Amino acid sequence: MSEIVKKNLSEIIDLIKKKEIKSEELANLYIDKVNKSKKLNSYITTCFEHAIQKSKEFDKKPNLNSLLPGVPLAVKDLFCTNGFKTTAGSKMLENFIPQYESTVTENLWKEGAILLGKLNCDEYAMGSSNETSYFGNVVNPIAKDTVPGGSSGGSASALAADLTPATIGTDTGGSIRQPASFTGTVGLKPTYGLCSRWGIVAFASSLDQAGPMTKSVKDCSIMLEAMAGFDKKDSTSIEKKKENYSKNLKTDIKGLKIGIPKEYRVDNMPKEIDELWNKGKSILKDLGADIIDISLPHTKYALPTYYIVAPAEASSNLARYDGVKYGYRSSKGNDLIEMYENTRSEGFGDEVKRRILIGTYVLSSGYYDAYYLKAQKVRQLIKKDFDENFGKVDAILTPSTPSSAFKIGEKTNDPISMYLNDIFTVPVNLAGLPAISVPAGLDKKGYPLGLQLIGKTLDEQNILNVAYAFEKNCNFKNEIKNWWL
Amino acid sequence: MSKDKFDYFIKGEKNNYEVIIGLEVHAQVSSNSKLFSGSATKFGAEPNSQVSLIDSAFPGMLPVINKECINQAIRTGLGLNAKINNNSVFDRKNYFYADLPQGYQISQYKNPIVGEGKVLLDMPYGSKEIGIERLHLEQDAGKSIHDMDPSSTYVDLNRSGIALMEIVSKPDLRSPEEVNAYIKKLRTIMRYLGTCDGNMQEGSLRADVNVSVRQVGDKNFGTRCEIKNVNSIKFMQMAIEYEAKRQVELLDEGKKIEQETRLFDTKKNETRSMRSKEDAHDYRYFPDPDLLPLKIEQKLIDDLKKTLPELPDNKKERFMSDYGLNSYEANVLVSEKEISNYYEEVAKLSDKKLAATWMMGDLFAMLNDKGLNISKSPISAKNFAELIQSIKSGEISGRIAKEVFELMVESGDNPKKIIESKGMKQQSDPKELEKIINEILTKNKDKVDQYKSGKEKLFGFFVGQVMKQSGGKANPQLTNDILKKLLKG
């Protein structure tokens, strides 16, 4: 097996720029490994012919000034790709081929990247283990009986297994950061509105945000730079100048104030997580940062708030999958209503149905004020907690997840315990802030654990810098043994 | 109901009832593209030829507000003397239907773009103010076609996503006649503003009609029924009359009115229950997270205000003071922007009062006969003004003028040209007339004697003879004067 696929994105870009490898060779290396890695089930669709053709075109006339010159990339199957199946991990869209390209993927192709395939994910991004996918669960390359996290589980698994040099996911409540933490990779959820949502299958519109998943912080900055940008087709997109995150990346974090929120020390949290958090603090302190204890008092309400807001929006966003226009339609039923019922009963999986039910309930007349409206108010309080503390600190350090990767099937019958996995990640989505998960160590089983850095609105550069400095001093080494080959 | 006093009451067996009506008018915004997508909005296009990925709700598609639709709603709000809200919110109204691709309609629920306003009606019994509760923007749905195939329903999404203004009145209307006047007034205002073409045949204007009844003198409202989606003024009036009578009959029998949604069957001329309050949809309204709250700067409102055209109420007042028209005439002549423009052009070049009379008489009758809009009139305003001036100056008589008018309709020619070429000019030269009259008097010596001995009725005979002799061209006034003078002598 080639050692090249193990390299970071930035190293691969260097090889291409120095003409030490051709785009086509590179594509073939990844294709070869993807073909041998079916056990992981990280790809739903492969676009190999397309990738070869595009890489040949690139090699004929290489534009080496682009950010991702001739780099093959697989993306989460929630991004609509023109001419390629986009399933959202659901039977409902099993055979759906968009005739349009999402803004974020379009931005990647414009920077020279080449679509390699579509990566598995929880159905409609609803899940924390990639076990709700209609196309089967994804295996974490860390160990064959563990989940990669979710919902961007296919992305995390493929990345950690060297089946793509970098990737993108979407993060509604932790769907980038939690799988990054579970697979020993870097994942960043940008500020809400930094990356366009146009062309991404919607889960919860006010929370959904696309972001990069990479093997290093530098790679993360390159990918973010390529995918971010104002899009007039998305009314919630932020109008601002593009930033050069990779060029401005630096390790000097002297004098930066890092907040440690006491509310993130939750009951029954494994000792290892606490130790990891302390390790993080001391690394940053040694680098000259000031560590400051802070309080985010409404943190404990974040999870229940999230599980009202997200399902409410999802129940409405998923109403369009009705069998009328595209996607799955049941052959059973004597009238319109029966067709709807059968289509949606057969087309959606259990977790999606559960959230549609919850969402429909919390928006119903008589319950709206008690649930949805109250949740919106709490959401404001959670945001206010962050705003107030960002007067005192420049970034906040927390664990990314309350545990390392759990076993396949361990939580599938216990949705609450599954939801609890998002406890450290959801407050960030509710507040619309950027946050990055960086690998920080291994637990005693040898499974990776991540730490999360939360930044101010549009302060991606700052958390990238802190993460970059941390990464350089943490000596984390992912131990993936290619057991599936 | 051309009476001086309001008298629309429904007489039940025991009591006399008053009818309370409120309207929710759905007016299609005049705009080139839809409320949240760039698709075209032309009426009558091939099915599904004006549908974007957004209108058909493909995965990942997002709405973006069309600013022109916002401006049109603000203009309409200003035309209704209403408060424009600087902050409003787009909500999702969730329900499933085959012609609703998103599974929800984007509408405005708690915070509409336009708040309270008012519309003035000119009723025969005086002017009446109708309160406007609110105006909000929303998307139209597509169209389900059930009669193309015995076993399938077809869906046309051309209309899906087109911007509608829902204009909600207060329950201030009291009769079908007032509803007629209200809809027409709304339509006139929106046509003046160019914000809705008001074309009811094409579905640009439709209404949900809320009807309740109460005993005359009662202060509390009765239970109302909502008649959905009525698309002509005539049907609205018929539906109200039927529904009010139905409710009165129930109350007279000691029964209760159930709050419900009803449909008007235009073939049977009756309303039928569609769903009761218990079966009412739970629309699960919530703010659309794909759209930010709509902020409207005061400057935009002020700027739009400056560009508003003169509206019918103001124009009517001006017509009365500038052109000396009475209220009725002014009302008719401002009822359409094009009519008022035509009138003003004519009035500037000719006698204002005579122009109004001729326009509302012969011109409107002709246009009505031919089914033409005034903008398609075969007689231009300039030619019409010349005709009025020819009458006013005495060049032609009213009777001849009618002939000239007919010829103008046929040929589109200038009236001067017609009068010249056909020799229709009025005989107004006193000497010439005197000559004709003298000849007639000489020929009818016996009749002159009878007249002089007291048979004054014969005056008409002499006039008739003069007209006959002159081919109808003798100036009637002058003829009278000269005849009187010569018969005296």
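This is a predicted model: local features need pLDDT of at least 70, side-chain atom pairs count only at pLDDT 80 or more; totals for chains, interfaces and linings use all residues.
The contact between them draws 7 residues from domain 1 of chain B and 8 residues from domain 2 of chain B. Chain B also touches chain A, with 24 residues of chain B in contact with 32 residues of chain A.

**Domains of chain B**

- By class, the domain 1 side holds 3 nonpolar, 2 polar and 2 charged residues.

**Chain A against chain B**

- The contact between the chains involves 32 residues of chain A and 24 residues of chain B.
- On the chain A side, α9 (302–317), α10 (336–347) and α11 (350–363) each supply at least two residues.
- The largest share of that side comes from α9(A), at 3 residues.
- The chain A side divides into 14 nonpolar, 10 polar and 8 charged residues.

**Helix pair α12(B) and α14(B)**

- Helix α12 (residues 430–443) and helix α14 (residues 458–470) of chain B pack at about 120°, and their axes are 10 Å apart.
- That angle makes α12(B) oblique to α14(B).
- The crossing of α12(B) past α14(B) is right-handed.
- From α12(B), the contact uses B:Ile436, B:Ile437 and B:Ile440.
- Facing them in α14(B) are B:Phe462, B:Gln465, B:Val466, B:Gln469 and B:Ser470.
- This contact has 5 nonpolar residues, 3 polar residues and no charged ones.

**Helix pair α1(B) and α4(B)**

- Helix α1 (residues 67–79) and helix α4 (residues 298–306) of chain B cross at roughly 65°, with axes that come within 10 Å.
- The two helices, α1(B) and α4(B), are therefore roughly perpendicular to each other.
- Their crossing, α1(B) with α4(B), is right-handed.
- B:Asn71, B:Ile74, B:Arg75 and B:Leu78 make the contact from α1(B).
- B:Ile301, B:Leu304 and B:Lys305 make it from α4(B).
- The contact of α1(B) with α4(B) comprises 4 nonpolar, 1 polar and 2 charged residues.

**Helix pair α9(B) and α10(B)**

- Helix α9 (residues 381–392) and helix α10 (residues 398–411) of chain B pack at about 165°, with axes 10 Å apart.
- At that angle, α9(B) is roughly antiparallel to α10(B).
- Again α9(B) passes α10(B) in a right-handed crossing.
- B:Asn383, B:Leu387, B:Ser390 and B:Ile391 are the α9(B) residues in the contact.
- They meet B:Gly398, B:Ala401, B:Val404, B:Phe405 and B:Met408 of α10(B).
- The contact of α9(B) with α10(B) counts 6 nonpolar residues, 3 polar residues and no charged ones.

**Sheet in chain A**

- An open sheet of 8 strands in chain A runs in the order β4-β6-β5-β10-β11-β9-β7-β8, with mixed pairing.
- β4 (167–170) and β8 (290–294) of chain A stand at the edges with a single partner strand each, so one side of each has no neighbour in the sheet.
- On average, neighbouring strands of this sheet are turned by 30° against each other, direction ignored.
- Strands of a sheet pair through backbone hydrogen bonds, either parallel or antiparallel.
- Strand β9 (residues 395–399) and strand β11 (residues 448–455) of chain A run antiparallel and are joined by 5 bridges.
- A:Leu397 stands opposite A:Leu453 in β11(A).

**Backbone features in one loop of chain A**

- Most residues other than glycine have a negative phi, and most peptide bonds are trans.
- The peptide bond from A:Gly150 to A:Ser151 is cis, with omega near 5°.
- A:Ser151 sits in the loop between β3 (114–119) and α5 (153–160) of chain A.
- A:Tyr124 has a phi near 50°, a positive value in a residue other than glycine.
- A:Tyr124 is also found in the loop between β3 and α5 of chain A.

How values were computed:
Residues are numbered from 1 along each chain as its sequence is written. Chains are lettered from A and ligands numbered from 1 in the order in which they are written. Two residues are in contact if their C-beta atoms, placed from the backbone, lie within 7 Å. Helices (H or I, at least four residues) and strands (E, at least two) are DSSP runs, numbered from the N terminus. Ala, Val, Leu, Ile, Met, Phe, Trp, Tyr, Cys and Pro count as nonpolar, Asp, Glu, Lys and Arg as charged, and the others, Gly among them, as polar. Axes are lines fitted to C-alpha atoms, for helices over the stretch in contact, and angles run from 0 to 180 degrees between N-to-C directions. Angles under 35 degrees count as roughly parallel, over 145 as roughly antiparallel, 65 to 115 as roughly perpendicular and the rest as oblique. A crossing is left-handed if the near helix is turned anticlockwise from the far one by less than a right angle, and right-handed if clockwise. Two strands pair if DSSP finds at least two bridges between them.
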